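Here is a friendly tour of one protein model, written for someone who likes to know the cut-offs. Have the viewer open while you read.

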Amino acid sequence: IFRLEEVKEHSSSDDMWMAIHNKVYDITKFLNEHPGGEEMLLEHAGTEATYAFEDVGHSLDARDLLSQYYIGDLHEDDCTQKAAKMADSGESGVPTGVIAGVVVAVIAGLGFLVMNK
């Protein structure tokens, strides 16, 4: 079990931890492999990064990959309820309004294509 203060001590490219969904990960070895580039990870190094992780909309494969970097849990005094709720519910972090907007745009686009054949 780790305190967030301890996680903050690991915020360099040579030693990088972050907390996601109240779990702590040592992602040092993953830094050069991250598809989004190491800059994205460095920006959130040593932090509780649940929101940033979910905001990007990581795939199921990315979520599975996380497990190999797991080193322990965040201390209960440092846990965030939103992170725990997102982990339990599988919430993606994408607002429902955004999803609805995309669905409407796709339907409108398909309607336009059908009407202009």
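This is a predicted model: local features need pLDDT of at least 70, side-chain atom pairs count only at pLDDT 80 or more; totals for chains, interfaces and linings use all residues.

Residues are numbered from 1 along each chain as its sequence is written, and side-chain values use heavy atoms, with hydrogens and water left out.

**The largest pocket**

The largest pocket holds about 390 Å³ of space. Its lining has 20 residues, and Phe30, His34, Leu41, Phe53 and His58 lie nearest the centre. Two or more lining residues come from each of β2 (15–20), α2 (38–44), α3 (50–56) and α4 (60–66), with α3 giving the most, 4 residues. By class, the lining has 15 nonpolar, 4 polar and 1 charged residues.

A pocket here is an open set of points on a 1 Å grid over the protein atoms alone, where a 1.4 Å probe fits, with protein on both sides within 12 Å along at least five of seven lines; lining residues have an atom within 4 Å of a point.

**Aromatic pairs**

The model has 3 aromatic pairs, meaning rings of Phe, Tyr and Trp (its six-membered ring) with centres within 6.5 Å; planes under 30 degrees apart count as stacked, over 60 as edge-to-face and the rest as tilted. Among them are these:

| Pair | Centre to centre | Angle between planes | Type |
|---|---|---|---|
| Tyrosine 25 and tyrosine 70 | 6.0 Å | 65 degrees | edge-to-face |
| Phenylalanine 30 and tyrosine 69 | 5.6 Å | 50 degrees | tilted |

Tyrosine 25 sits in strand β3 and tyrosine 70 in strand β4, so their pair ties together parts 45 residues apart in sequence. Tyrosine 25 is buried at 7% relative accessibility, whereas tyrosine 70 is partly exposed at 37%; buried means under 20% relative accessible area, exposed over 50%, and partly exposed in between (1.4 Å probe, protein chains only).

Phenylalanine 30 is in the loop between β3 and α2, and tyrosine 69 in the loop between α4 and β4, so that pair links parts 39 residues apart in sequence. Both phenylalanine 30 and tyrosine 69 are buried.

**Nonpolar cores**

Which residues touch the most other members of the largest nonpolar core? In this core of 13 residues, they are Met16, Met18, Ile20, Tyr25, Ile27 and Leu41. β2 supplies the largest share, 3 residues. Another core, of 7 residues, lies apart from it and includes Phe2, Ala19, Val24 and Leu74. A nonpolar core is a set of buried Ala, Val, Leu, Ile, Met, Phe, Trp, Tyr and Cys residues joined through side-chain atoms within 4.5 Å.

How values were computed: Grid points are joined across faces, edges and corners, and a volume is the space filled by probe spheres set on the points. Ala, Val, Leu, Ile, Met, Phe, Trp, Tyr, Cys and Pro count as nonpolar, Asp, Glu, Lys and Arg as charged, and the others, Gly among them, as polar.
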